[in-house]
Amino acid sequence: MSNIKPVHVLNGPNLNLLGSREPEVYGHATLADIEALCRDAGARLGVGIVFEQTNHEGQLVDWIQRAGREASAIVINPAAYTHTSIALLDALKGVDVPAVEVHLSQPAAREPFRAVSYAALAAAGSISGFGPLGYALGIDAAVQLARARQSKPLEGN
Ligand code: DQA
């Protein structure tokens, strides 16, 4: 199996509080538990994982731009910025790596304002409602997308 650059797993605001934050919505797994699950998925697939969380929109923009240079794919849970951030949408559109959007909950089944996802406009696909498992599914999808791109012959020349 060909080697690919790492998958960057980026997490937005308030996800550092997982475990104690609205457990009836988000469950009891902590962000550290999810990071361990992501690293297991990466090891299983033979790909490195860079795992980040921030409460700041601009930091996510910087990390998406860095992923454009250093990652084979992005798995992103933009949290509340999913529903508000044109800056994140533009950043995702501005890099030439596939992105998979992940949510622990099923935003479309919650308050109406969560039905809108700017991130989905730039993502290759979205995984919602499976709790932490969604991250493993997202990494699996991201690696398949990255490997498919790598094995595709160069276009245009
Ligand atoms: C979330 C869903 C968002 O609507 C919410 O703002 C979050 C978490 C999720 O993982 O289910 O912070 O992205």
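The questions and answers below cover the cavity, the pockets and the ligand.

User: What kind of model is this, and which pLDDT must side-chain atom pairs have to count?

Analyst: Residues are numbered from 1 along each chain as its sequence is written, and side-chain values use heavy atoms, leaving out hydrogens and water. This is a predicted model: totals for chains, interfaces and linings use all residues, local features need pLDDT of at least 70, and side-chain atom pairs count only at pLDDT 80 or more.

User: How many cavities of 30 Å³ or more does the search find?

Analyst: On a 1 Å grid over the protein atoms alone, a cavity is a set of points where a 1.4 Å probe fits but cannot get out. Grid points are joined across faces, edges and corners, and a volume is the space filled by probe spheres set on the points. Over the whole structure, the number found is 1.

User: How do the residues lining the largest cavity divide by class?

Analyst: The volume of the largest cavity is about 40 Å³. Lining residues have an atom within 4 Å of a point; here they include Pro78, Tyr81, Leu88 and Tyr118. Ala, Val, Leu, Ile, Met, Phe, Trp, Tyr, Cys and Pro count as nonpolar, Asp, Glu, Lys and Arg as charged, and the others, Gly among them, as polar. The lining has 7 nonpolar, 2 polar and no charged residues.

User: Which helix gives the most to the lining of the largest pocket?

Analyst: A pocket is an open set with protein on both sides within 12 Å along at least five of seven lines. The largest pocket has about 200 Å³, and its lining includes Ala146, Arg149 and Gln150. Helices are DSSP runs (H or I, at least four residues), numbered from the N terminus. With 3 residues, the top contributor is helix 5 (residues 133-151).

User: Which pocket does the ligand take?

Analyst: A molecule sits in a pocket if more than half of its atoms lie within 2 Å of its grid points. The ligand takes the second largest pocket.

User: How far is a polar side-chain atom of Ser105 from an oxygen atom of the ligand?

Analyst: Polar contacts are pairs of N or O atoms within 3.5 Å. A backbone N or O atom of Ala80 lies 3.2 Å from a ligand oxygen, and a polar side-chain atom of Arg114 lies 2.9 Å from one. For Ser105, the distance is 2.6 Å.

Key. A polar contact is a pair of N or O atoms within 3.5 Å; within protein, one must be able to donate a hydrogen and the other to accept it, and residues adjacent in sequence count only if both atoms are side-chain atoms. Helices (H or I, at least four residues) and strands (E, at least two) are DSSP runs, numbered from the N terminus.
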